[in-house]
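Cover a few loop residues, the helix packing, the aromatic rings and the overall fold.

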Amino acid sequence: MYHKKHKYDACIITNKYDISFVKALESIVSQNVQPEWIYIIDDHSKEDIEKSLKLKPSNISFVRNSSNLGRGFCRNLAHSLCTNDLVFSLDSTNVVDSSYVADAIELIMKPNVVAVYGRILNHKTLDSPKYKWRNYFLFNANHNYGNKEIETKSLSTYATLTKRRKILEIGNFKKSLRHSEDHEISRRIVLHDYKIIGTPNLITYSIKEESIFSMYERYWRWNYGHQKKIKFNQLLKIIKFFLSKAFKSNHMKFKFRMGLYTIMCPLFGFFIHRYKLR
């Protein structure tokens, strides 16, 4: 059970001031276990988040980068700024239940655990075909994760509780990485014999509204962004996978848009991966 001695800081990293950011901040403020301090890392937003935010909690600080420096730099900065050992990082496009952090604290107090996170799903308000596609392919909503936490070698940082001192001990997040910083640090966590816990009982809800091409970019970044190059035979396997999903009647029920989005993903995603993520 959560104990009050387990204090934590919270952080949101964003480069945009919008309603999603406001809701993410509200989600942190509504936790039944309150953070001691909230840090907002403004990765050079056009709006200047500190000036744009009207209602500010009393325990909030803003740090604005002079240029857009990317995810690795910002996560490194957040873990350097926080003072409590526990750090809850929430992406600015997500919200979580009010008990999320308290439940995560129970898990991270287990021996050698350095990071805890759950699964991610669409928010119930996002239900059009493209969001159904996102839920299935990007968020793996139909996957059976069971009902117990597991030790995993992968890390996703969309809503993650970490032990700050251990993260700093292994070198912190790599500043130079504009993406895939969670994949890179997960390897070092495991190499140092620490543990990452994933649990289906902690759910993050994505409230991000985006185009199908943005979804393709995220799919490739999440799954292949850590690779410097996609080989031709690997691309063929990816195309085959998506084609098989598009034409399986028991999966897609031949819904035209879902099938079309699925067929388009390999090639559009490949070019986004090749030219945008370099």
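Ser176 is exposed in this predicted model. Its relative accessible area is 56%, and the cut-off for exposed is over 50%, so Ser176 counts as exposed. Ser176 sits in the loop between helix H6 (164–169) and helix H7 (181–191).

Asn32 lies between helix H1 (19–29) and strand E2 (37–42). Leaving aside neighbours within four places in sequence, Asn32 touches Ser98, Ser99 and Ala102.

The table gives the C-alpha separations.

| Residue pair | Separation along the chain | C-alpha separation |
|---|---|---|
| Ser176 and Gly72 | 104 residues | 6.2 Å |
| Asn32 and Val101 | 69 residues | 8.2 Å |

**Helix packing**

Helix H5 covers residues 129–138, and helix H8 covers residues 212–224. The two pack at an angle of about 5 degrees. Their axes are 10 Å apart. Angles under 35 degrees count as roughly parallel, so H5 and H8 are roughly parallel to each other.

Which residues make the contact between H5 and H8? From H5 come Lys130, Tyr131, Trp133, Arg134, Phe137 and Leu138. From H8 come Ile212, Met215, Tyr216, Arg218, Tyr219 and Trp222. By class, the residues of this contact divide into 9 nonpolar and 3 charged, with no polar ones.

**Aromatic rings**

A pair of aromatic rings is described by the distance of the centres and the angle of the planes. The count for this model comes to 18 aromatic pairs. Ring pairs link a cluster made up of Trp133, Tyr136, Phe137, Phe213, Tyr216, Tyr219, Trp220, Tyr224, Phe241, Phe242 and Phe268. Members of this cluster include Trp133, Phe137, Tyr216 and Tyr219.

**Overall fold**

The secondary structure comprises 11 helices and 9 strands. How far does the C-alpha trace span along its principal axes? The spans are about 55 × 40 × 35 Å.

The radius of gyration is 19 Å. For 278 residues, a compact globule would have a value near 19 Å, so the protein agrees with that expectation. Of the 278 residues, 51% count as buried.

Take the contacts with a separation of 6 or more: residues 24 or more positions apart account for 75% of them.

Terms used: Residues numbered from 1 in each chain as written. Predicted model: local features only at pLDDT ≥ 70, side-chain atom pairs only at ≥ 80, totals over all residues. Heavy atoms only, no water. Phe/Tyr/Trp six-rings, centres within 6.5 Å; stacked < 30°, edge-to-face > 60°. Axes fitted to C-alpha atoms, helices over the stretch in contact; angles between N-to-C directions. Helix = DSSP H or I, 4+ residues; strand = E, 2+ residues; numbered from the N terminus. Parallel < 35°, antiparallel > 145°, perpendicular 65-115°, else oblique. Contact = heavy atoms within 4.5 Å. Nonpolar A, V, L, I, M, F, W, Y, C, P; charged D, E, K, R; others polar. Rg over C-alpha atoms; globule rule 2.2 N^0.38 Å. Buried < 20%, exposed > 50% of the residue type's maximum accessible area, 1.4 Å probe, protein only.
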